[in-house]
Amino acid sequence: NVTHELMTPLTIIITSLDSLRSTSTDREALYNVISVNATRLMRLIQQILEFRKVESGNLKIRVSQGDVAAFVRKCVEAFAPLVSKKRLRVYFQSSADRIEGWFDSDKLDKIVYNLLSNAAKFTPEGGHIALDVTTHDEGEGRLGIDIAVRDDGIGMNEEFLKHLFEPFSQEHTGMNEQRHGTGLGLAIVKDLVDLMHGTIRVQSKLGLGTTFFVHF
């Protein structure tokens, strides 16, 4: 499966480069095709390398103090333009203007990005994605933070939800057969959440969308 996902954009890139030799070729259109597939290939490679790091146990927590709400908001704002072609609307909401705490920004960024990417992949054109951040006092100087990522996409069946966080797992239905992926994104999210001593759960129904709940 991973080999197929790597070869598809690579083949498109090579074919497009060959086509540039033709004087009658629409070079701007080919440039866009090459750019999109090169970016896709890079993300696939980064995902595989990230999974190997997690699997080998070489990832360490590196925390710094900051505003969690502001950081997640920036993650959402950076992601929104990536789905503009699908006319997807991405919303952010926080229960507090500032949420001060100690957290690993690199890993939180990867968690948020992968969850948003997963939502975008399975949400039809013109759909909606919402990310909400809420907090509650857990006592003894500890702050509970909940991140919910909701979409109104195609959803998943109950049987597949049992295997959702397993590496290389993908649901094969008539609704998602045209969508690509290695099946590593959510496995990486689960491992990173575990590494940060958090929890993750999901609610989903076919045709009604999906919500991921992450708690730290």
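Tyr 113 is partly exposed in this predicted model, at 29% relative accessibility. Its ring pairs edge-to-face with that of Phe 79: the centres are 5.9 Å apart and the planes stand at 80°. Phe 79 is buried, with a relative accessible area of 4%.

**Aromatic pairs**
- The structure holds three aromatic pairs.
- Phe 79 belongs to helix 3 (residues 68–79) and Tyr 113 to helix 4 (residues 105–121), so their pair ties together parts 34 residues apart in sequence.
- Another edge-to-face pair joins Phe 165 and Phe 212, with 6.3 Å centre to centre and 70° between the planes.
- This pair also links distant parts of the chain, 47 residues apart. Phe 165 sits in the loop between helix 5 (158–161) and helix 6 (185–195), while Phe 212 is in strand 7 (residues 209–215).
- Both Phe 165 and Phe 212 are buried.

**Charge over a ring**
- Arg 201 places its charged end over the ring of Phe 213, 4.2 Å from the ring centre.

**Fold and dimensions**
- The protein chain has six helices and seven strands. Their order along the sequence is α-α-β-α-β-β-α-β-β-α-α-β-β.
- The radius of gyration is 19 Å, close to the 17 Å the globule rule gives for 216 residues, so the chain is as compact as a globular protein of that length.
- The C-alpha trace spans about 70 × 35 × 35 Å along its principal axes.

**Burial, contacts and surface**
- Of the 216 residues, 39% count as buried.
- Among contacts between residues at least 6 apart in sequence, 69% join residues at least 24 apart.
- The accessible surface is about 12500 Å², and 54% of it belongs to carbon and sulfur atoms.

Note on methods: Residues are numbered from 1 along each chain as its sequence is written. This is a predicted model: local features need pLDDT of at least 70, side-chain atom pairs count only at pLDDT 80 or more; totals for chains, interfaces and linings use all residues. Side-chain values use heavy atoms; hydrogens and water are left out. Rings of Phe, Tyr and Trp (its six-membered ring) pair if their centres lie within 6.5 Å; planes under 30 degrees apart count as stacked, over 60 as edge-to-face and the rest as tilted. Helices (H or I, at least four residues) and strands (E, at least two) are DSSP runs, numbered from the N terminus. Buried means under 20% relative accessible area, exposed over 50%, partly exposed in between (1.4 Å probe, protein chains only). A charge sits over a ring if NZ of Lys or CZ of Arg is within 6 Å of the ring centre and within 35 degrees of the ring normal. The radius of gyration is taken over C-alpha atoms; the globule rule is 2.2 Å times the number of residues to the power 0.38. Contact means heavy atoms within 4.5 Å. Accessible areas come from the Shrake-Rupley method with a 1.4 Å probe; for residues, only the protein chains shown count as cover.
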